[in-house]
Amino acid sequence: MIFRQLFEPVSSTYTYLLGCEQTGQAILVDPVLPTWQRDLAELNALGLKLAYTVDTHIHADHLTAARKLKQEAGSRIAHPALDQLPCADVSLEDGRPFTVGSITLAPLHTPGHTDHHFAYAVEGRVLTGDALLIDGCGRTDFQNGDAPTLYRSVHDKLFTLAEDTLVYPAHDYQGRRVSSIGQEKTRNPRLGDNKPLAEFVGIMANLKLAYPKFIDYAVPGNRECGQCPPGVPEDMQQYCEQVMNSHQG
């Protein structure tokens, strides 16, 4: 499998390119709207054709490029069935493998950051979205998030994977790119070292995070598979506009 980790700096989002060497088909997981041209250029350079985009959840901090890539590249949109998006072409469900060429994603329902959040296991890796980050996890105070639910998702769905499974998160704000299940089980300051549920709930309740600045535009836009909504303020247009200089992670 061809595998690339691509970085979008405005929202510090990782997009994952998975390519089948036999069929030339590819998947992009969590593509970001401003970098759709970069992603297609990367695919072209590798001799791949985009078959599907896949998102881990309804994002609050960026717009998915799923709709734009469908328009430009003819790809199909795969999304968790629980969100019931009319714009999705394929519905993903926990326990039902999703296969493109020789690539098989194992969808894992991992709610808590959002109620319909998914992670995807594939060939010794797990793309964890916002459920499990390197030395952290996604916040649980909006979009039906719930700290006890996230705790159970991580412990029951992710920490039960093989310890050498590589963890590739949807975000990192400190330049880190990859971890492992074994490392997060040991070192994660919120969820690791057998931290009890009550302590995790206390940590999450006291984060005192600011209201996400783009959420009021991102959530409705992503329910339309990446439609930039009207009325986006000028200082937030970077979330919608093409950015060609975003570097590869």
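Figure 1. Val54 stands opposite Ala78 in strand 5. Strands and helices are DSSP runs, numbered from the N terminus (strands E, at least two residues; helices H or I, at least four), and two strands pair if DSSP finds at least two bridges between them. This is a predicted model, in which local features need pLDDT of at least 70 and side-chain atom pairs count only at pLDDT 80 or more, whereas totals for chains, interfaces and linings use all residues. Residues are numbered from 1 along each chain as its sequence is written, and side-chain values use heavy atoms, with hydrogens and water left out. Strand 4 (residues 49–54) runs parallel to strand 5 (residues 76–80), joined to it by 3 bridges; Tyr52 faces Arg76 of strand 5. With strand 3 (residues 25–29), strand 4 pairs in the parallel sense over 5 bridges, and Val54 is the bridge partner of Val29.

**Figure 2. Crossovers through helix 1 and helix 2.** From strand 3 the chain passes through helix 1 (residues 36–45) to strand 4 in a right-handed β-α-β crossover. A crossover is right-handed if, with the strands pointing away from the viewer, the path from the first strand over the helix to the second runs clockwise. The β-α-β crossover from strand 4 through helix 2 (residues 66–73) to strand 5 is also right-handed.

**Figure 3. The hairpin of strands 1 and 2.** Strand 1 (residues 2–8) and strand 2 (residues 13–19) pair in the antiparallel sense over 7 bridges, with Leu18 as the bridge partner of Phe3. The hairpin has 4 residues between its strands, and Ser12 in the turn has a positive phi of about 55°.

**Figure 4. The largest nonpolar core and the surroundings of Val29.** A nonpolar core is a set of buried Ala, Val, Leu, Ile, Met, Phe, Trp, Tyr and Cys residues joined through side-chain atoms within 4.5 Å. The largest such core has 23 residues, of which Leu18, Ile27, Val29, Val54, Phe98 and Leu105 touch the most other members. Beyond its neighbours within four places in sequence, Val29 is in contact with residues including Tyr14, Leu18, Val54, Tyr120 and Leu127 (contact means heavy atoms within 4.5 Å).

**Figure 5. Aromatic pairs.** Rings of Phe, Tyr and Trp (its six-membered ring) pair if their centres lie within 6.5 Å; planes under 30 degrees apart count as stacked, over 60 as edge-to-face and the rest as tilted. By this rule the count is 10 aromatic pairs. Tyr52 and Phe98 form an edge-to-face pair, 5.0 Å centre to centre with 85° between the planes. This pair joins strand 4 to strand 7, its members lying 46 residues apart, and both Tyr52 and Phe98 are buried. Phe214 and Tyr239 form a stacked pair at 4.2 Å and 10°.

Technical notes. Buried means under 20% relative accessible area, exposed over 50%, partly exposed in between (1.4 Å probe, protein chains only).
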